[in-house]
Amino acid sequence: MTPAAPLAAAATTGPGFLSPTGVEIAFLLVGLATFGAALVTVTTKQLVHAALWLVVALGGIAVEYLLLTAEFIAWVQVLIYLGSVVVLLLFGLMLTKAPIGRSPDADSGNRGIALGVAVVAAAALVWVVVDAFRTTWIDLDGPVQGSTKVSGEILFQHWVLPFEALSVLLLAALIGAIVLSRRNDPADAGDKGKR
């Protein structure tokens with residue numbers, strides 16, 4: 001066997017681990033942009049800006065789904081999270097008359113505790129996901145995992161109750177925002193009495 005034979009064999013096997021494709025590079029860049037938007041969302045002191053940065057972060061997640069060829073999940077992400085959850089959040093901000101500019105009371109001073117809880121929650125999430133999918137293999141000959149048929153079957157067989165609970169939670173948040181917006185301020189009551 002000649003010394004060039006191992007190199008020729010390595011060249012015919014395809015790209016290795018350290019030669020990423022364009023999709024993998026785009027996935028990494030979009031992931032970094034999404035992480036940055038999420039970081040700004042939780043660190044800004046302007047509530048409206050936080051909601052708008054949340055739009056960027058959730059849109060980045062939708063792009064990640066598109067790069068993973070899960071088009072249905074990407075459109076669900078856009079329609080449900082960008083189209084309803086963020087609109088509901090902005091609606092609640094407007095109803096509760098939240099300050100538009102910088103809000104000094106938006107920071108409770110518990111950044112250390114919050115960071116610790118976030119690290120513990122992230123570690124627990126990574127552990128649960130790795131443990132749950134350690135022995136899971138994807139059947140490449142079966143239907144596409146991100147397809148509408150497979151996603152619908154999984155959604156309506158296993159995840160109906162959590163989605164219904166989330167819808168009740170969002171409804172409770174909307175009702176709470178309406179109740180908070182309809183509270184009478186003492187100054188408003190005095191003005192009405194003078195009229």
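1. Read along the sequence, the chain follows the pattern α-α-α-α-α-α-α-α. Its secondary structure comes to eight helices and zero strands; helices (H or I, at least four residues) and strands (E, at least two) are DSSP runs, numbered from the N terminus.

2. This is a predicted model, in which local features need pLDDT of at least 70 and side-chain atom pairs count only at pLDDT 80 or more, while totals for chains, interfaces and linings use all residues. Residues are numbered from 1 along each chain as its sequence is written, and side-chain values use heavy atoms, with hydrogens and water left out.

3. Of the 195 residues in the chain, 14% are buried (under 20% relative accessible area; exposed means over 50%, and partly exposed lies in between, with a 1.4 Å probe and protein chains only). Carbon and sulfur atoms hold 73% of the accessible surface of the chain, which comes to about 14,900 Å².

4. Thr-34 lies in helix H2 (residues 22-43). Thr-34 counts as buried because its relative accessible area is 12%. Leaving aside residues up to four places away in sequence, Thr-34 touches Ala-57, Gly-60 and Ile-61, where contact means heavy atoms within 4.5 Å. The Thr-34 side chain also reaches the backbone oxygen of Val-30 at 2.7 Å.

5. Arg-182 is placed in the loop between helix H7 (160-181) and helix H8 (186-194). Arg-182 counts as exposed because its relative accessibility is 66%. The C-alpha atoms of Arg-182 and Leu-95 are separated by 8.6 Å, although the two residues are 87 residues apart along the chain.

Methods: A polar contact is a pair of N or O atoms within 3.5 Å; within protein, one must be able to donate a hydrogen and the other to accept it, and residues adjacent in sequence count only if both atoms are side-chain atoms. Accessible areas come from the Shrake-Rupley method with a 1.4 Å probe; for residues, only the protein chains shown count as cover.
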